Amino acid sequence: MSSVLKETMSAFCLPEDFAHPLLLWYNEKKRDLPWRHTGDPYRIWVSEIMLQQTRVEAVRKYYLRFTEELPEISDLAACPDEKLLKLWEGLGYYSRVKNMKKAAQLSHDGLPKTYDSLRTLPGIGNYTAGAVASIAYGLPEPAVDGNVLRVLTRLTGCREDISKQKTRTDAEDCLRKYLCGHPEAAPGIFNQAMMELGALICLPNTDPLCVSCPVQKFCSALRDGTVSKIPVRAKKSSRRIEERCVLIIRDGNKTAIRKRPNHGLLAGLYEFPNIAGYKDADEAVQITQKMGFTVLRITPLPDTKHIFTHLEWRMRAYLIKTAQTEESLREDIILADAEELQKIYALPSAFDAYKEDVL
Ligand code: SF4
């Protein structure tokens, strides 16, 4: 178990008996997901990291492909970076899968078996450590993600700002204490039931389905009429906006791509050539010529945007047909056909809108 339980002035005070109806509901209503059929810590870890990236439904296919290609933690530890990034393509936050590989390389005998030792691995924070420790090892550790925090704040009527680390720590302390005092609650099932309730019933950004909620009779927010006001979240600082011009350069049946630097945003991935700022068609032609291409035709494509955590790319793009000019190409430019783009080179989802022009 993790560090000694602290007696704190917690913002959360959980009703004693709510776990029983919650677990009954989960048993009956839970979604059938591939990672719910395994007790393998490695697979549970993979699914939990993927679930932090995207929607449950989207994770299915990534999870199945990843665990088929890399069935054991030792396969992940030995996986070449290019292949790993390709397996992660479309999930975003590529640093997470790089950290997974580092963690796998440090776990010669499989993943560690305690919360504290899991926490020492690269890329494993409180949530992931709690999820693996409780689901794979049955330890009374909390796994507090956005869904759980929403359920918990509404259930207890907590008005603390959920973007503050202290609120999250209080939530973890409260749940750890609850799990330690209620061994019948089965920590792994309990944590998943809380997440499932947040995903299916206690919904964000819309009215939650309180009439169908198994714990409605314990819910402070429902009783006090404050459901729409909880959870409280301080306004986020706005994202930096960056305008970019993206060049989809087609040379016969091949497309120009280049590798991004090995550090910083989207490190080590491939991209369509792009430059800062919006460019008009004449400027785009000149830039393409400087790469060594002879431009035959240029067509504007629809503008798109992609949102990162603290940054938003607003993209203006051109489809540019060129003549065969391979010998004179700038050396950072790679010409790849559709099969190579699908199987070898990992292109981040920021460029998804333009992939259909080349695949
Ligand atoms: Fe959420 Fe409504 Fe259930 Fe309360 S009663 S936990 S607000 S779904």
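To begin, is the crossing in which H2 passes H6 left-handed or right-handed?

Modeller: The model is predicted, with local features requiring pLDDT of at least 70 and side-chain atom pairs pLDDT 80 or more, while totals for chains, interfaces and linings use all residues. Residues are numbered from 1 along each chain as its sequence is written, and side-chain values use heavy atoms, without hydrogens and water.

H2 passes H6 in a right-handed crossing, meaning that the near helix is turned clockwise from the far one by less than a right angle. The axes of H2 and H6 (residues 94-106) come within 11 Å and cross at roughly 160°. The two helices are therefore roughly antiparallel, a term for angles over 145 degrees. On the H2 side, Trp45, Val46 and Ile49 meet Arg96, Met100, Ala103 and Ala104 of H6, contact being heavy atoms within 4.5 Å. By class, this contact holds six nonpolar residues, no polar ones and one charged.

H8 covers residues 126-137, and ten of its twelve residues are buried (under 20% relative accessible area), so H8 is largely enclosed by the rest of the structure. Among the buried residues are Thr128, Ala131, Val132 and Ala136. The twelve residues of H8 should span 16 Å at 1.5 Å a residue, and the 15 Å between its end C-alpha atoms agrees with this. After H8 comes Gly138, with a positive phi near 70°.

The partner of H8 to consider next is H11 (residues 187-200), whose axis comes within 7 Å of that of H8 and crosses it at roughly 130°. H8 and H11 are therefore oblique to each other, and H8 passes H11 in a left-handed crossing. Tyr127, Gly130, Ser134 and Ile135 of H8 make this contact with Pro187, Gly188, Asn191, Gln192 and Met195 of H11. These residues divide into four nonpolar, five polar and no charged.

H10 runs over residues 165-181, and its 17 residues should span 24 Å, which agrees with end C-alpha atoms 24 Å apart.

Note on methods
Axes are lines fitted to C-alpha atoms, for helices over the stretch in contact, and angles run from 0 to 180 degrees between N-to-C directions. Helices (H or I, at least four residues) and strands (E, at least two) are DSSP runs, numbered from the N terminus. Angles under 35 degrees count as roughly parallel, over 145 as roughly antiparallel, 65 to 115 as roughly perpendicular and the rest as oblique. Ala, Val, Leu, Ile, Met, Phe, Trp, Tyr, Cys and Pro count as nonpolar, Asp, Glu, Lys and Arg as charged, and the others, Gly among them, as polar. The expected span of a helix is 1.5 Å times one less than its number of residues. Buried means under 20% relative accessible area, exposed over 50%, partly exposed in between (1.4 Å probe, protein chains only).
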